[in-house]
Every structure is written in structure tokens, then in C-alpha cells.
Amino acid sequence: MTEPSAASCEVVLPDALLRLYPEAERRLTVAAADVGALIDALDQRWPGMGACLKDSRPSVRKHISIMIDGERTALETKIVPGATVFVLTAVSGG
Amino acid sequence: MAKRVILLIGTKKGTFIAESDETRQDWALRGPYCDAWPINHVIGDAATGTIYAAGGNEWFGPSVWKSTDLGQIWTRSGNGFNYSEGEEPVKSAWSLAKSHGRLHVGVEPAGLFVSADDGDNFEQVESLRAHPSRETWVPGAGGLILHSIVPHPDDPNELWVAISTAGVFHTADGGKTFDARNKGTRAGFMPEGMQYPETGQCVHCIVMAAGRPDRLYQQNHTGMYRCDDGGEQWVSIEEGLPSEFGFPAAAHPHDADTVYFIPLNGAIEGRYVPDGKAAVWRSRDAGATWSALRSGLPQENAFFGVLRQAMATDNLDQAGIYFGTNTGTLYGSRDEGDDWGVIAQHLPVIHSVETMVIHD
């Protein structure tokens, strides 16, 4: 799942997603150049997870926030090496 | 061989299952399943015992859940619920039908998907959204939803679907093309002179009569209807009912002339049972005359509604009939509607009720 040019980052997954994928790790290291590639990497590891985070527009789902350094990101947002990426379920979606 | 009667209940907070023996006297309720996601429709395939639940979660999107052990273990799939790039994405799965080895799924915004692998992967039936009327489809109060899927029992190529607000559409070629089937149904919310368009009717529910695939019954936003020709021409059957407005319809499992509706007080009057008195209305002559079935139902201070997929019959010799309210009460009758009782209460908003009878 790693690409030679991709940045290695730490990803933190939300509880609601872990309920659907109990075998998934809460914190894991992923190599991805941008947020879209990160979602693709998660989907490759746990098939179906990508569709939970990204719609067919395509964009990050409306009630999902993927945050880096306190900023909400989009699919094309670049990931710098060593970043921590938080995947959050929005309060509005509950 | 003993029979088990299973009620499949879709609610705003998950799937519930009520189970009884064939006496249908005592019911055991269990749930919520499907992680308490909003579930719009739950069906069972009596041939295999498999249960399918359609819904959508605001976080993670549309999904179909599946259980092959009567609800103990569930799997979930959202694979393939994709529209073209740039289009408004699929928000939720709304309706299900299993027939001829395929699982059809209606979604919001309105579209039709099909699974050929028993609910693991889904593919859009693209011709429906290619219908020339598509740009005129608009959401009703429940959204722009495909809520009714009625497969032909014998012909795998023939299928009816209904969309709020767009109308009834029919395919006879396995989904390659769809044509509108709305003649005779009224769009009473349109200006005078424009109330019988080709499409744009707010159909709320369609069901097929037992043993007569050409006969459909329809509850519409404005009126109750029957057709005897696969939807080529609908006729009004609302005379004798207390209002033209309601959501569900249920066909008797053995008698094509018997149909049930639950008229509400009106589209702009609050959408609850008329005068706060609950009644299911039954016709035994295909809609010519009607009887109000009230025995065992609350006759004062009842201000609930019943949503479009929330009434169903079982298929025992003396048919059971069931409905769930938007205030979370599930009612049942084991004598075709003559007498009613409460099966469960204090549930979340009930979106749908279906039945499955299996043999031990």
C-alpha cells in the first residue's frame, strides 16, 4: 500500500468507523501523497472503507472531517511527512 | 412443519425483529440491529431466510445490511452506490426487492441499483435516470426517493418502480428502458388544467395484487388508485374513504380484490389518523366499497401517521396484517384486520414493516 514518493503519516480513525471495521486499527501509519490517496490506501486495506469516507462526487463525505494540523482537508490536500491525520465523524451527522 | 412468522421492522434507529409462531398470539422483539443506523426498509427472502436492510448513515452513506442467521450476525455493503462524478451522490438506500436471483435497491436521490451477487456489490440501472422526465423530478417531504420496487413474479425482465415526486415507471426489458405509467393519477398540487401530467405525480406506494401481476394498487399524495393493465391506466378508488391522503398500501396475500389503506387526515392538516381515531380501511371488491377496521385500535387521542413502507401482510391462510406508526408502535391483526393488538411500542419512528414466514 505504500508508494515510493508518498509521505508517511499517522492516521487516527473514529469510533463509529471502527464499529463497522472491528479489525481495523485505531492508529496506524499510512504512506499517501494526499488525502484522496490516503482514503484509497485505507480502502485497499479494509475494502469498503473508502466509500464510507468519500462519495462519488468525488469529495470527502459531507459529515466526515479529515483534519491535519487543525485544518479540515479536501481530497487533493497534500500530506507532509510525519503529519497526523484525524478522521472525524461530524456532530451534525449523529 | 411448524411455521415461524417474522416481522422485519425498519426504524430511524436500526432494524428490529419480532417473531411468533403461526398462532401470532405472542411476539418476541429483538434489536436494534444494523448499528442503530437509520433503516428505511427491511425484507426477508423466505426461500433462504436471508434478511436485507436498506438505509443510510449521515457519516458513511448508503448501505445494505445482510443477515443469513435471522439477525444475529450482519454484514454491510456500500459498494457501488455511485452516480457519475459531479452529480449529487447517493445519500441513502430506501427500498429493496429480491426476485429472480437479483436484489434491487431504490435510493435517494432517486435511482435504482441492482446486485447480482446477493448484496455484496451494486450497479446502477442507468436507464431510469436517463428518462427524459428526470430533470423535472423533485423531492417530496421525505426527499427525492425511489420507495417502491415491484417485480413481476414470473417475468424477470418486468418491474415497476415508484418515485416521489416523479411517478410510476415500468420496464419490460430488464431495465434497458423505462416508460412512465401515470395515466389517470392526479397531481392535485398542480394548477388546474395541469393535474394529469405524464410524470410528476407524487406516488406514495404501489403494491401488486395476489396472483394478478397486471393489477396494482396505489396510494398517491392525492388519491387511491387501481390499475388492471400493469399501470397503463389507473382508476380512482378513493370514494368511500375519509381522505385522499395516506402513505402505505397493502395487498391481501391470496385475494386480488382485497386491499388495505390507512388514510390520514390530509396533506396539510397534520398527516395523522382522522379525528385522532385510528383505522385501517379494507376493500374486498378491488376498491368499490370500503370498511373501517377499528377494533383494538385507539379511538381517541391518536395523532400518529403511518409511513409509506410501514404496512404489510403475511401469507398464512388467514392473513395477518401489520402496521407501524411514526410514533413507534407496531400493531398487528391475525384475522385479516378485523381485530388488532399492540405487538410492540416505544420503538423509534417506524419506517417500514415487512413479513417473512419460514418453516422449521
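## Reading the model

Because this model is predicted, local features need pLDDT of at least 70 and side-chain atom pairs count only at pLDDT 80 or more, while totals for chains, interfaces and linings use all residues. Residues are numbered from 1 along each chain as its sequence is written, and chains are lettered from A and ligands numbered from 1 in the order in which they are written.

## Chain A at a glance

Let's start with chain A, which holds three helices and five strands. Here, helices (H or I, at least four residues) and strands (E, at least two) are DSSP runs, numbered from the N terminus.

How does the radius of gyration of chain A agree with that of a compact globule? For 94 residues, such a globule would have a value near 12 Å, and chain A has 12 Å, which agrees. The radius is taken over C-alpha atoms, and the globule rule is 2.2 Å times the number of residues to the power 0.38. Along the principal axes, the C-alpha atoms of chain A fill a box of roughly 35 × 25 × 25 Å.

Of the 94 residues in chain A, 30% are buried. A residue is buried if 20 or more other C-beta atoms lie within 10 Å of its own, exposed if 12 or fewer, and partly exposed in between, with C-beta atoms placed from the backbone. Among contacts in chain A between residues at least 6 apart in sequence, 56% join residues at least 24 apart. Two residues are in contact if their C-beta atoms, placed from the backbone, lie within 7 Å.

## Where the chains touch

Chain A gives 15 residues to the contact and chain B gives 14 residues. On the side of chain A that touches chain B, the elements giving two or more residues are α1 (15-20) and α3 (49-53) of chain A. The largest share, three residues, comes from α1(A).

What kinds of residues make up this side of chain A? They divide into six nonpolar, five polar and four charged. In this grouping, Ala, Val, Leu, Ile, Met, Phe, Trp, Tyr, Cys and Pro count as nonpolar, Asp, Glu, Lys and Arg as charged, and the others, Gly among them, as polar.

## A sheet in chain B

Strands of a sheet pair through backbone hydrogen bonds, either parallel or antiparallel. Chain B has an open sheet of four strands in the order β4-β5-β6-β7, with antiparallel pairing. Strands β4 (39-45) and β7 (75-77) of chain B stand at the edges with a single partner strand each, so one side of each has no neighbour in the sheet.

Two strands pair if DSSP finds at least two bridges between them. Strand β6 (residues 61-67) of chain B is joined to β7(B) by three bridges, and the two run antiparallel. B:Val64 stands opposite B:Ser77 in β7(B).

Now look for two cis peptide bonds. One joins A:Arg57 and A:Pro58, with omega about 0°, and A:Pro58 sits in the loop between α3 and β3 (64-68) of chain A. Another runs from B:Gly31 to B:Pro32, with omega near 0°; B:Pro32 is in strand β3 (residues 28-33) of chain B.

Next come residues with a positive phi. A:Asp69, not a glycine, has a phi of about 55° and lies in the loop between β3 and β4 (71-72) of chain A. B:Glu336 has a phi near 70°, and its place is the loop between β26 (330-333) and β27 (341-344) of chain B. Which are they, buried or exposed? A:Asp69 counts as exposed, because it has 10 C-beta neighbours inside 10 Å, whereas B:Glu336 is buried, with 20 other C-beta atoms within 10 Å.
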